[in-house]
Amino acid sequence: MSFATHGRRPLLLGAVAVVVLVVVSAGPLQVSRAAGMTTLTFLGPKFDEWEAFIKVANALGKDLGIEVKPEYLPWEDVFKKALIDSKSGVKAWDLVYAYNTWVPGIAASKVFTPISDFLSKPANKSLVKPEDFIQETTAGLEFQGKLWAFPALAAPYVLGYRADLLANADERKAFKAKYNYDLAVPQTYKQLLEVAQFFTRKKGDTVGGKAAEEDFYGICLAGKPGGFLFHRYEMVLVAFGADLIYNQTSMQPTVNSNESIAAAKYYAQLHKYQQPGSETHSGGGTQRVFAADRCALTMDALDNILSVAEVPSLSKVVGKVGYTLLPSQVAPRPHAHVADANGPGIYALSQHENEAFRLLARVLSTEGTKELMKEYPALVPMRASVINDPQIKKDYPKMVEAMNAVITGKPWTVFVPPLKEWVQAQEMVENALSAALAGQKTPEGAMIEAQAKVVELFKRAGYIK
Amino acid sequence: MTWATLGRGRLAFALLMLPAVIYVLTWRLAPALYTVWLSLTQYNIVYDAAPQLNHLENYRRIVHDSTLGEALRLSVIFAVLATAVELAIGLAAAAFFDSDPPGRNLLLGIFLLPMIMAPVVVGTVWSALFDRTVGPIPYLFELLHGPDVQWLGTPVTAMVGLIFSDAWEWAPLAALLLFSAMQAIPREQHDAARSDGASSWQLFFRVVLPQITGMLVVAGGLRLMDAFLELDKVIVMTGGGPGTSTQLVSMYVYKQAFQAYDLGYASTVITTLLALLAVAYAFYLRHYGRTLMSART
């Protein structure tokens, strides 16, 4: 074999490999182009509801000549990715998932084109019917008078309780004997604490007439650092009459206020009746424990509970859970809660803004939302027309029961303040609370320390002197 | 060959060196210099349109940043303890493999598996193992009537949990390095020591250990520097908690950069850390050189 022939063969093989690779990689693109489809990209978390969104978007998008390709990231990384890509001029995205606490940042950094900009055209407005959105749920996606993401999934915080246990005659008798009032769905945080305490049992003890196979806990709450802990705690914080970290008028931090310290002390007490290991549990992980028939109560976003507790393949408590508003503590703030909202926004550097808007209008219309609910039954819709639909009422009674409680009960609702330093301030309080729950510090001492840190943060930001 | 003796070859030499120089300048030096420049600015990637020079304000802030001080302290504790555990396990494992047990190659392959796993996966695995509700470790404690340990729920046990997981992942590296050093020792030395009546302990401490000291220092140094910058497992297993009891310095930087989006201050912390690590590395190299020399003599 000569040098020439020895050298040609690998070269030829390499050339063939390159051609094959080019053909294979270009294949799907050619198919899309041949079919005349516009391909939109979606950046979001790999949650069941967003996988359902993609499925329905692809089904409903066919008529519009639109298909959607998703890129999934961990929830907390979605905004970071969109932000960094946007700052770098990357035009890879069309639709990006948004969570209400990110909205001030999205607005400030102009990562999205506001949905309101599209709604300024009468044709688009009549297509979307924004008056149909339930205002109690969508406010979190609004900022500076603009709607930044398309309302898709509401996440009101509710109290989930084991209706079967609360109705059990033996439990009711024992509760009455111990606390001198009737066992019922907790209406106040004092009652919540006592019900949680009452139902905290050891393995082998009787719970609802049966011997518990495992330890049984009063309440299941997520406690993972990184927002999960604070997000549950802030429900108690506002219910006790405290500010969300600072007074929004004077900009003075109030982490060490009497109300705030009372809330921290209460949460530390409640922690005794929580599932152990809660410090590593996210919302979904917590609901797995609740659905395993191991807790009497839970406080979480409605869809979080529904997506686990009411799914037969995941849950031992299907049909046994009741849903109601969170308890109250101070009279001016009945059933206080800090609301959540989720929705896809339109990436400002998108090359297909109008197609993206048309697709969202179709998928998140009344009919589209109903299709979404078939794929993801735990979806809590943000349209009144969906909640009031007779078929929906019949097919999703638990969700409708809870949403009606939210709509008619008019809970005192607040969204997190649009503060540039919110994440840092929140983390300072969350770390303090976590230290208190771990027994490192007293709740009071922890909050006083956190106050000093938030004051320093606010001074550095120039809010206070 | 020196620059002076290159003569006409200087141009060719410079041209040949150019790609490497460009690589170092663009891929290594430029980002580092950009980070140093960012450290002198106020730049919140969400709210600021562009970095604004604030001179040494960030460095003044570092001096008073007690949270950073605490994170540094925790990083040192974690790095020292994790490295010590990894070296101890690695040394024992290397001695075991050096004794040529049956199926050595298979056992060695299995032992090395954790090392090739992504740190995030390692964190997830250990997080599940320690989970108080469904994890096998608490269940095992319960079966054996041991104490009810809240593994990731208290400051001390959370740190211990992180050290365990790090040791599980990286003790194989120490073992591999030490095993290779042991294999380089001539078998005749073992035979000679044995025929002189040395026990296994004496053989290990008098013959083997002195000859692998250099590799011990290398393995220790590598692991110490790597463990000091541990991030993935902390994020997955504890998120820095409870409180800030496992918030190592990398986690702190990550939070500044990607939760608070304060790239200016995060760059300041990184720059300061790099300077501290450079000093530590210089000391390490100096000691390493001496150790190697003493090992040779």
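Predicted model: local features only at pLDDT ≥ 70, side-chain atom pairs only at ≥ 80, totals over all residues.
**View 1. Chain B as a whole.**
Let us start with the overall build of chain B, where 13 helices are found along with two strands. The radius of gyration of chain B is 24 Å, whereas a compact globule of 297 residues would come out near 19 Å. Along the principal axes, the C-alpha atoms of chain B occupy a box of roughly 75 × 75 × 30 Å. Buried residues make up 34% of the 297 residues of chain B. Among contacts in chain B with a separation of 6 or more, 71% link residues 24 or more positions apart.

**View 2. The annotated stretch of chain B.**
An unreviewed UniProt entry carries the annotation "domain: ABC transmembrane type-1" for residues 72-282 of chain B. In the model, that stretch of chain B is 75% helix and 0% strand. The C-alpha atoms at the ends of residues 72-282 are 19 Å apart.

**View 3. A cis peptide bond in chain B.**
Zoom in on Gly241(B) and Pro242(B), which are joined by a cis peptide bond with omega at about 0°. Pro242(B) sits in a loop of chain B, with α11 (232-237) on one side and α12 (249-258) on the other.

**View 4. The two domains of chain A.**
Chain A is split into domain 1 (35-154 + 342-409) and domain 2 (157-338 + 419-461). A distance of 29 Å separates the C-alpha centres of domain 1 and domain 2 of chain A. Where the two meet, 13 residues of domain 1 of chain A contact eleven residues of domain 2 of chain A. On the domain 1 side, helix α19 (residues 397-409) of chain A is the biggest contributor, with seven residues. Sorted by class, the side of domain 1 of chain A that touches domain 2 of chain A holds eight nonpolar, four charged and one polar residue.

**View 5. Where chain A meets chain B.**
Here 25 residues of chain A are in contact with 24 residues of chain B. On the chain A side, at least two residues each come from α3 (75-87), α4 (103-109) and α20 (422-437). The most come from α20(A), which supplies seven residues. The side of chain A that touches chain B has ten polar, nine nonpolar and six charged residues.

**View 6. The largest nonpolar core.**
This view shows the largest nonpolar core, a set of 201 residues. The residues with the most contacts inside this core are Val96(A), Ala98(A), Ile219(A), Val236(A), Leu433(A) and Leu178(B). Helix α8 (residues 155-183) of chain B provides the largest share of this core, with 14 residues. Because domain 1 (35-154 + 342-409) and domain 2 (157-338 + 419-461) of chain A both give residues to this core, the core lies between them. Look next at Ala98(A): leaving out residues up to four places away in sequence, its contacts include Val103(A), Ile106(A), Leu141(A), Trp148(A) and Gly343(A).

**View 7. Around Leu379(A).**
Leu379(A) belongs to the loop between α16 (366-375) and α17 (384-387) of chain A. Is Leu379(A) buried or exposed? Leu379(A) counts as buried because 25 C-beta neighbours lie inside 10 Å, and the cut-off for buried is 20 or more. Beyond residues up to four places away in sequence, Leu379(A) touches Glu49(A), Leu153(A), Asp303(A), Leu372(A) and Met373(A). Leu379(A) and Ala52(A) are 327 residues apart along the chain, with their C-alpha atoms separated by 9.9 Å.

**View 8. Thr39(A) on a strand.**
Strand β1 (residues 38-45) of chain A holds Thr39(A). With 16 C-beta neighbours inside 10 Å, Thr39(A) is counted as partly exposed. The C-alpha atom of Thr39(A) is separated by 40 Å from that of Leu221(A), 182 residues apart along the chain.

**View 9. Two residues with positive phi.**
Finally, have a look at two loop residues of chain A, Lys110(A) and Met251(A). Lys110(A) is not a glycine, and its phi is positive, near 55°. Lys110(A) lies between α4 and β4 (112-113) of chain A. Met251(A), also a residue other than glycine, has a positive phi of about 65°. The loop that holds Met251(A) runs between α11 (228-239) and α12 (258-271) of chain A. Lys110(A) is partly exposed, with 13 other C-beta atoms within 10 Å; Met251(A) is partly exposed, with 13 other C-beta atoms within 10 Å.

Technical notes
Residues numbered from 1 in each chain as written. Chains lettered and ligands numbered in written order. Helix = DSSP H or I, 4+ residues; strand = E, 2+ residues; numbered from the N terminus. Rg over C-alpha atoms; globule rule 2.2 N^0.38 Å. Buried ≥ 20, exposed ≤ 12 C-beta atoms within 10 Å, placed from the backbone. Contact = placed C-beta atoms within 7 Å. Domains from an automatic or database assignment. Nonpolar A, V, L, I, M, F, W, Y, C, P; charged D, E, K, R; others polar. Core = buried A, V, L, I, M, F, W, Y, C linked by C-beta atoms within 7 Å. UniProt positions renumbered as here; feature names shortened; annotations may be inferred.
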